[in-house]
Amino acid sequence: MASDALVDSKWVQDNLDNPKVRIFEVSVDTGVYERGHIPGAAHLDWHTDLVDPQKRDIASREAFEKTLRDAGVDKDTTIVLYGDNNNWFAAWGAWVFEVYGLGNQVKLLDGGRKLWEAQGLPLDTALPDHADSTLALADRDNSVRARFVDVVAVAEGKNDVKLVDIRSADEFTGKIFAPEGVKELSVRAGHIPGAVNVPWGKIVKEDGTFKSADEIKAIYAEKGVDGAKPVITYCRIGERSSHTWFALKKILGYDVRNYDGSWTEYGNAVGVPVTNIAGTIWTGK
C-alpha cells in the first residue's frame with residue numbers, strides 16, 4: 001500500500017463483519033450500487049447525500065450527521081469508501097469526511113469497484129441495517145477547502161501557492177471546454193494562470209490502484225510540486241481533483257486544499273485572468 005489511508009480488497013474481505021467498520025459505495029453512476037455492491041456496504045449518493053440539495057455546496061453538517069448516524073457510524077468507526085471510475089467520487093467523499101473532521105477514520109479501497117469486480121469478488125444487493133449511532137460532527141474545517149477568492153489571489157500573484165489542474169491536456173490548454181457528454185460547462189476555456197497540469201490518471205496503475213508514494217512524489221516534483229509550498233487542486237466540478245487531493249494529502253502528506261468550485265466556477269466568473277493556450281472561443285453551441 002502506498003499509504004495507511006488505503007486498504008486492499010483482502011483487508012475489506014477480512015473486515016466485512018467487523019462491527020467497527022462501515023463500508024460505503026460512492027459511485028459516479030449511482031445505479032451500480034443497486035445492481036450489486038460489496039456485502040454490507042451502504043450507499044452514499046453523491047447527488048443527495050454529499051451535497052446540499054438547494055445551493056451549490058457540500059452537505060450541511062446536520063444532513064451529513066443524520067446520514068452517518070443512520071449508517072451506524074461512530075467516533076471510533078473505521079470508514080471505508082470505494083466507487084467506480086477509479087474512486088473519483090469516493091475520494092471526493094473522503095474529502096467531505098475530512099471537512100467534517102473524520103478524515104483520520106477514512107480509508108479508500110485501493111482500486112475501488114473496478115478492481116473488486118476484476119478480482120471476481122462477491123457483490124450483494126441486500127441493504128445494510130445498522131442501529132443508529134449518536135455521532136456528533138464537528139463544524140466544517142475550512143482549512144482543506146479552497147474558495148474562489150483563494151484561487152483568484154493565486155492567479156493574480158498575491159498568494160504563493162502551487163495550483164494543480166488535474167484535467168486532461170485538452171481541457172487545460174483550452175482546446176475543449178469539458179469532456180464529451182457532460183452538462184456542467186463554463187463559457188471560457190483554459191486554465192487558472194500559474195497552474196501546472198498533472199492529469200489525475202498519471203498517478204494510478206492500469207488496475208486503478210495508486211502508484212507507489214515514491215513514484216507519485218516524483219511525478220509531482222517534475223512539475224515543481226514538492227510539498228515546500230501549499231497546494232490547491234482543481235478540475236471541472238471538484239470531484240476528479242479530490243482524487244489528486246487524496247494522493248497529495250494522504251499519501252504524500254503535503255499541505256493541500258481542494259477547490260471544489262473548480263473550472264465551472266472560475267471559467268464562468270467575470271473579470272478573472274484566464275490562460276487559454278488554444279485560443280478556443282465560446283460560441284454557445
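Figure 1. The structure shown is a predicted model, and its salt bridges number 21. Two of the pairs involve the side chain of Asp57: with Arg140 the N to O distance is 3.2 Å, and with Arg145 the N to O distance is 2.8 Å. The Asp57–Arg140 pair links distant parts of the chain, 83 residues apart, with Asp57 in the loop between strand E3 (42-43) and helix H3 and Arg140 in the loop between helix H5 (112-118) and helix H6 (148-155). Asp57 has a relative accessible area of 16% and is therefore buried. Arg140, at 28% relative accessibility, counts as partly exposed. Arg145 counts as buried because its relative accessibility is 5%.

Figure 2. The side chains of Lys66 and Asp70 meet in a salt bridge with an N to O distance of 3.0 Å. About one helical turn separates Lys66 from Asp70, because they lie four residues apart in helix H3. In an α-helix there are 3.6 residues a turn, so residues three or four places apart point the same way. Lys66 counts as exposed at 52% relative accessibility, whereas Asp70 is partly exposed, at a relative accessible area of 36%.

**Figure 3. The nonpolar cores.** Among the 55 residues of the largest nonpolar core, Leu81 and Phe210 touch the most other members. Elements that each supply at least two residues of this core include strand E4 (78-82), strand E5 (106-109) and helix H8 (213-221). Helix H4 provides the largest share, 10 residues. Beyond its neighbours within four places in sequence, Phe210 is in contact with residues including Leu6, Leu108, Ile203, Ile216, His243, Phe246 and Ile251. A second, separate core of 16 residues includes Val152, Phe172, Tyr259 and Trp263.

Figure 4. Just after H9, Gly253 adopts a positive phi of about 75 degrees.

**Figure 5. A nonpolar surface patch.** Leu185, Val187 and Trp282 make a nonpolar surface patch of about 220 Å². Leu185 is placed in the loop between helix H7 (169-173) and strand E7 (196-197). With a relative accessible area of 38%, Leu185 is partly exposed.

Methods: Residues are numbered from 1 along each chain as its sequence is written. This is a predicted model: local features need pLDDT of at least 70, side-chain atom pairs count only at pLDDT 80 or more; totals for chains, interfaces and linings use all residues. Side-chain values use heavy atoms; hydrogens and water are left out. Patches are made of residues with over 30% relative accessible area and no salt bridge: like charges are joined within 9 Å, nonpolar side chains (Val, Leu, Ile, Met, Phe, Trp, Tyr) within 5 Å. Accessible areas come from the Shrake-Rupley method with a 1.4 Å probe; for residues, only the protein chains shown count as cover. A salt bridge is a side-chain nitrogen of Lys or Arg within 4 Å of a carboxyl oxygen of Asp or Glu. Buried means under 20% relative accessible area, exposed over 50%, partly exposed in between (1.4 Å probe, protein chains only). A nonpolar core is a set of buried Ala, Val, Leu, Ile, Met, Phe, Trp, Tyr and Cys residues joined through side-chain atoms within 4.5 Å. Contact means heavy atoms within 4.5 Å.
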